[in-house]
Amino acid sequence: MSLLSTSLRRGSTKLFATMASSSPIKVAVLDDYQGISEPKFKALDSSKYEVSFFKDTLRPYNHPDTTQDVKDQLVKRLEPFTVISTMRERTPFPRELISRLPNLKLLLTTGNRNLGLDLEAFKERGIPVAGAVDKSNPGSVGSVSTTEHCVTMILSAARNIAGDDLAVKSGGWQTVPAVSLRGKIFGTLGLGRLGVAVAKIMSVAFGMKVVAWSSNLTQEKADEAAVKAGLPVQDEQTGEKTFKVVSKEELFSTADVVSVHLVLSDRSRGAVAKKDLELMKKGAIFVNTSRGPLVVEEDLLEVLEQGKIRAAALDVFNLEPLPLDSKWRTTKWGEDGRSRVLLTPHMGYVEEDTLSGWYDQQVENLEKWVKGEELALPLY
């Protein structure tokens with residue numbers, strides 16, 4: 001942390017602590033769909049803080065389809081507030097939006113990184129930005145929750161849980177047969193913390209063979225990941241690697257389940273495209289619990305509309321929340337030759353204890369800021 005950044009933070013803190021003595025600090029809490037933050041922020045002294053809650057997420061300011069009217073609507077919503085609490089990337093803050101918020105003096109986010117924030121623009125304005133971590137799972141930032149959700153989606157897609165649930169509740173009975181995962185091939189795009197966690201479960205619990213690919217992944221790194229996860233490097237009887245590194249083409253063409261566990265960046269955006277998806281087996285399942293833009297959405301839609309794979313299980317999308325007229329919502333999946341599709345609303349990290357802990361830390365940081373104390377987990 002630079003001396004300039006520290007000075008800017010402390011300067012703005014003292015200024016607004018003085019202001020707080022005469023009028024309440026206006027705080028906006030954005031995108032908390034479950035209302036977990038409300039009792040925490042409402043417990044603050046109402047003579048010092050005036051808190052407003054906005055559960056409806058407006059279209060991102062920097063999305064290519066966002067009209068000027070919607071941009072202005074977002075600015076009008078946020079402009080009065082001195083402090084804004086935001087949830088991960090639900091409401092992005094690009095440079096142009098930040099420049100239109102003259103009253104903003106503190107930004108609180110969840111997690112220890114937020115790709116939707118232009119940190120350089122915040123720094124130039126002297127606006128401190130603080131994150132929050134999952135203290136119940138140190139260093140995980142919700143990765144335990146995401147791992148559990150991903151495995152649940154894989155099993156649900158293989159067993160057609162959502163479709164059968166709907167059938168029974170609608171007066172029907174059995175629909176399509178399930179598919180067993182035992183001894184099949186699990187392909188992970190990315191072998192970082194999440195990729196390893198999911199691959200370990202699928203290997204140990206279901207005896208799936210694991211193949212992995214990412215642009216910089218080597219067999220040596222994969223072997224190290226296996227050891228770190230408490231797994232043998234290879235099977236003693238067959239000599240087969242626990243995490244076998246393969247080409248991208250081999251992964252897509254051989255895996256029975258393909259699961260995306262890449263970090264979104266300029267390089268990885270659109271990493272999964274039509275040429276990859278069309279290599280998949282007819283009975284394969286595609287899973288994405290990472291980030292929507294890692295996959296070329298129109299290509300995935302086309303493959304699924306043509307029924308080229310068994311199913312897709314998706315927790316993330318290019319635009320969130322999904323518009324009401326989105327093809328993901330309106331297409332009759334699983335009918336007329338289309339693939340079956342299981343959708344969840346970006347719930348991978350949305351676990352009660354994690355979110356509760358994040359908002360506790362946001363409130364703690366808000367009070368630290370008012371007192372002129374150093375913030376926990378500053379992001380620049």
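Begin with R88, which counts as buried because its relative accessibility is 9% (buried means under 20% relative accessible area, exposed over 50%, partly exposed in between, with a 1.4 Å probe and protein chains only). You'll find R88 in the loop between β3 (83-85) and α4 (95-99). Helices (H or I, at least four residues) and strands (E, at least two) are DSSP runs, numbered from the N terminus. Check the backbone too: phi of R88 is near 45°, a positive value in a residue other than glycine. Most residues other than glycine have a negative phi, and most peptide bonds are trans.

A quick word on what you're looking at: this is a predicted model, where local features need pLDDT of at least 70, side-chain atom pairs count only at pLDDT 80 or more, and totals for chains, interfaces and linings use all residues. Residues are numbered from 1 along each chain as its sequence is written, and side-chain values use heavy atoms, with hydrogens and water left out.

**Next stop: N160.** Jump to the loop between α6 and α7 (161-169), where N160 is found. Its phi is near 55°, again a positive value in a residue other than glycine. Is N160 buried or exposed? With 9% relative accessibility, N160 counts as buried.

**Then a peptide bond.** Select E320 and P321: the bond from E320 to P321 is cis, with omega near -10°. P321 belongs to the loop between β11 (311-314) and α13 (327-330).

**Now two helices.** Show α6 (residues 143-159) and α8 (residues 193-206), whose axes come within 10 Å and cross at roughly 45°. Axes here are lines fitted to C-alpha atoms, for helices over the stretch in contact, and angles run from 0 to 180 degrees between N-to-C directions. That makes α6 and α8 oblique to each other (under 35 degrees is roughly parallel, over 145 roughly antiparallel, 65 to 115 roughly perpendicular and the rest oblique).

Leaving aside its neighbours within four places in sequence, S203 is in contact with M208 and V210.

**On to the strands.** Select β9 (residues 257-260), which is covered on both faces: V257 and S259 on one side and V258 and V260 on the other are all buried. In a regular strand the side chains alternate between the two faces of the sheet. β9 pairs in the parallel sense with β6 (residues 185-189) over 4 bridges, and F186 stands opposite V257. Two strands pair if DSSP finds at least two bridges between them. β9 and β10 (residues 285-288) also pair in the parallel sense over 4 bridges, with V260 opposite N288.

**Last stop: an open sheet.** Here 5 strands pair in parallel, in the order β2-β1-β3-β4-β5. The edge strands are β2 (49-54) and β5 (129-130), each pairing on one side only. To finish, zoom in on β4 (residues 106-108), which is joined to β5 by 2 bridges; the bridge partner of L107 in β5 is V129.

Methods
Contact = heavy atoms within 4.5 Å.
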